Amino acid sequence: MARLSDQPLEHDQRHALWLLADRAALALDDRQLQQRVFRSLEDLEPQVDIFQRMRAMSRYDSTASLLSAELTPETDVAEWVREA
């Protein structure tokens with residue numbers, strides 16, 4: 001905010017400045033939260049792909065498809081459940 005240094009801010013100006021600063025801080029917090037959400041979604045993408053492939057396989061010959069498909073290690077599935 002540009003102003004002359006020898007003139008103090010009036011009460012309304014000071015209030016408006018604090019309001020703008022609060023809104024800017026809130027916007028930055030929201031942006032950080034949004035980035036964390038997007039990162040989480042990116043981390044989940046491979047897991048969602050696996051589940052979608054498993055669902056698609058079950059629509060066809062489920063016995064042959066599930067037996068021939070490479071499954072995720074059991075420890076990974078347990079970790080996904082724990083994280084959920």
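The legends below accompany several views of a predicted model of one protein chain.

**View 1. Overall fold of the chain.** The secondary structure consists of 3 helices and 0 strands. Followed along the sequence, these elements give the pattern α-α-α. Helix α1 spans residues 11–58, and helix α2 covers residues 62–68.

**View 2. Confidence along the predicted model.** Over the chain, the mean pLDDT is 80, and 73% of the residues reach 70 or more. Confidence is highest in helix α1, with a mean of 90. Helix α2 has the lowest confidence, with a mean of 55.

**View 3. Surface and burial.** The chain has 84 residues, of which 6% are buried. Its accessible surface amounts to about 7,800 Å². Carbon and sulfur atoms account for 56% of that surface.

**View 4. Nonpolar patch on the surface.** Six side chains are the subject of this view: Leu33, Val37, Phe38, Leu41, Leu44 and Val48 form a nonpolar patch. Together, these residues contribute about 510 Å² of accessible area. Val37, one of the members of the patch, is located in helix α1. Val37 is classed as partly exposed because its relative accessibility is 42%, a value between the limits of 20% and 50%.

**View 5. Patch of negative charge on the surface.** Glu42, Asp43, Glu45, Asp49 and Glu83 gather here in a negatively charged patch. Helix α1 supplies the largest share of this patch, namely 4 residues. Asp43, one of the residues of the patch, lies in helix α1. Asp43 is classed as exposed because its relative accessibility is 57%, and exposed residues are those over 50%.

Terms used:
Residues are numbered from 1 along each chain as its sequence is written. Side-chain values use heavy atoms; hydrogens and water are left out. Helices (H or I, at least four residues) and strands (E, at least two) are DSSP runs, numbered from the N terminus. Buried means under 20% relative accessible area, exposed over 50%, partly exposed in between (1.4 Å probe, protein chains only). Accessible areas come from the Shrake-Rupley method with a 1.4 Å probe; for residues, only the protein chains shown count as cover. Patches are made of residues with over 30% relative accessible area and no salt bridge: like charges are joined within 9 Å, nonpolar side chains (Val, Leu, Ile, Met, Phe, Trp, Tyr) within 5 Å. A salt bridge is a side-chain nitrogen of Lys or Arg within 4 Å of a carboxyl oxygen of Asp or Glu. Lys and Arg count as positive and Asp and Glu as negative; His and the chain ends are not counted. The place of a charge is taken as NZ of Lys, CZ of Arg, CG of Asp or CD of Glu. pLDDT is the predictor's confidence in each residue, from 0 to 100.
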